[in-house]
Amino acid sequence: GGVRLVPVGPSAAVPPGKSLQFWTKAEGAAGPTSLGLVRAGEVTEVPAARLPVIEAKQLFELTLEPEAGSPLDRPTGPILYLG
């Protein structure tokens, strides 16, 4: 029914003026899809209706972005977490 992002340990502090953005990318896809901004240390749920098709070898990552999120349709900041 969706994807649930659950922190498994202490989270690093997000610097002022920055945010964490959740992304996914299927193997061979042209680019990633934003799943929205997340708060450090909190559970985030993304309903199936907001997800692209999930495939084997699907990549999920959190990047550090400007406070309002990436200004582009792709990550602009460093990858902090990858799964």
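Predicted model: local features only at pLDDT ≥ 70, side-chain atom pairs only at ≥ 80, totals over all residues.
Residues are numbered from 1 along each chain as its sequence is written, and side-chain values use heavy atoms, with hydrogens and water left out.

**Glu 65**

- Glu 65 lies in strand S5, residues 59-66 (strands are DSSP runs of E, at least two residues, numbered from the N terminus).
- Its side chain also makes a polar contact with the side chain of Thr 63, at 2.8 Å.
- Glu 65 is buried (under 20% relative accessible area, 1.4 Å probe, protein chains only).
- Glu 65 has no salt bridge (a side-chain nitrogen of Lys or Arg within 4 Å of a carboxyl oxygen of Asp or Glu).
- The nearest side chain of opposite charge is Lys 18, 7.2 Å away (Lys and Arg count as positive, Asp and Glu as negative; His and the chain ends are not counted).
- Beyond four places in sequence, Glu 65 is in contact with residues including Lys 18, Trp 23, Ser 70 and Thr 76 (heavy atoms within 4.5 Å).

**The four-stranded sheet**

- S5 belongs to an open sheet of four strands, ordered S3-S2-S5-S6, with antiparallel pairing (two strands pair if DSSP finds at least two bridges between them).
- Strands S3 (33-38) and S6 (79-82) are the edges, each pairing on one side only.
- From one strand to the next, the twist averages 25° (axes are lines fitted to C-alpha atoms, and angles run from 0 to 180 degrees between N-to-C directions).
- Five bridges pair S2 (residues 18-25) with S3 in the antiparallel sense.
- Trp 23 has Ser 34 as its bridge partner in S3.

**S1 and S4**

- Strand S1 (residues 2-5) and S4 run antiparallel, joined by four bridges.
- Gly 2 has Pro 47 as its bridge partner in S4.

**Gly 83**

- Gly 83 sits in the segment after S6.
- Gly 83 counts as exposed because its relative accessibility is 61% (exposed is over 50%).
- Leaving aside neighbours within four places in sequence, Gly 83 is in contact with Gln 58, Leu 59 and Phe 60.

Definitions and conventions
Polar contact = N/O pair within 3.5 Å; in protein donor to acceptor, adjacent residues only side chain to side chain.
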